[in-house]
Amino acid sequence: MNFIYINQNILDNLFYILVSILIYYILLDHGKRLSQYVRTLITACMSIPIILCMKFPIYIDEYCVHDLRQIPFIIGTLYGGWPVGSALLVIILTFRFAFYGFNLLTLIVYIVIFIITALFSSKFKNFNRKNKLNSSILLILFLGILTSFISLAMSDYFRITEAYVFYFIILPPFIIGLAVYIMEILKDAIIIRTQMIRLEKMEVVSQLAASISHEVRNPLTVVKGFVQL
């Protein structure tokens, strides 16, 4: 495989995805009110790279363009479930048809991706970091192969080239693995930080209680002495 396929457009698409993930966790960590609307927040943050990836695609050749819009779509559906996946599906199809026109094959492909990913999301949420990483990679690899067969069956003009295999089959598992790994690290960091803050508050309360107990005990001891006298 020729590494000439790694071009500026791929790095741009990857940048959109990773920055949106960072923004999501920054808002989740510092916005106490926003933490109550996790699904709305992840929908907004994942829709941005979807639109940007389609707006600035990866040019395979003069007749074919590609982008990484399926990465934030799958991530949002895995972490947000059916509600987030449904919203992202509407967004991805709306902008896809607005940019490139209506295509029945595209509609079917993304509905298939949505259904399979949404069905798997309930199990995905209960996995540990390692299982989430492995399962997300296997899922997008399976979806890439499945949608390729669907495209072959439905379109007489569809061809699987070396560039197609690289962009649609090989590259996405690496990127979604990186994205999921970063998301899990950031999530664990937020959980640890929250626990540390809680422990610090409990320690302050404990010290305050000990101080009050000490201040109350001293005059009570004096009173007790006078009562005995």
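Arg69 is placed in the loop between strand S2 (64-66) and helix H3. In this predicted model, Arg69 is buried, because its relative accessible area of 9% falls under 20%.

**Surroundings of Arg69**
- Neighbours within four places in sequence aside, Arg69 makes contact with Ile50, Cys53, Met54, Ile92, Arg96 and Tyr110.
- Ile50, Ile92 and Tyr110, which are among these contacts of Arg69, are also touched by Phe73.

**The largest nonpolar core**
- The largest nonpolar core has 48 residues, and among them Phe73 and Ile75 touch the most other members.
- Two or more residues of this core come from each of helix H1 (8-30), helix H2 (38-55), helix H3 (70-100), helix H4 (104-124), H5 and helix H6 (162-228).
- The greatest contribution to this core is that of H3, which supplies 11 residues.
- When residues up to four places away in sequence are not counted, Phe73 touches Ile50, Gly85, Leu88, Leu89, Ile92, Tyr110, Ile113 and Phe114.

- Leu138, Leu141, Ile145, Phe149, Leu152 and Ile160 make a nonpolar surface patch of about 540 Å².
- One of these patch residues, Leu141, belongs to helix H5, which spans residues 129-154.
- Leu141 has a relative accessible area of 30% and is therefore partly exposed, since this class lies between the buried limit of 20% and the exposed limit of 50%.

Terms used: Residues numbered from 1 in each chain as written. Predicted model: local features only at pLDDT ≥ 70, side-chain atom pairs only at ≥ 80, totals over all residues. Heavy atoms only, no water. Patch = residues over 30% accessible without salt bridge, like charges linked within 9 Å, V, L, I, M, F, W, Y side chains within 5 Å. Areas by Shrake-Rupley, 256 points an atom, 1.4 Å probe, with all protein chains shown as cover. Salt bridge = Lys/Arg side-chain N within 4 Å of Asp/Glu carboxyl O. Helix = DSSP H or I, 4+ residues; strand = E, 2+ residues; numbered from the N terminus. Buried < 20%, exposed > 50% of the residue type's maximum accessible area, 1.4 Å probe, protein only. Core = buried A, V, L, I, M, F, W, Y, C linked by side-chain atoms within 4.5 Å. Contact = heavy atoms within 4.5 Å.
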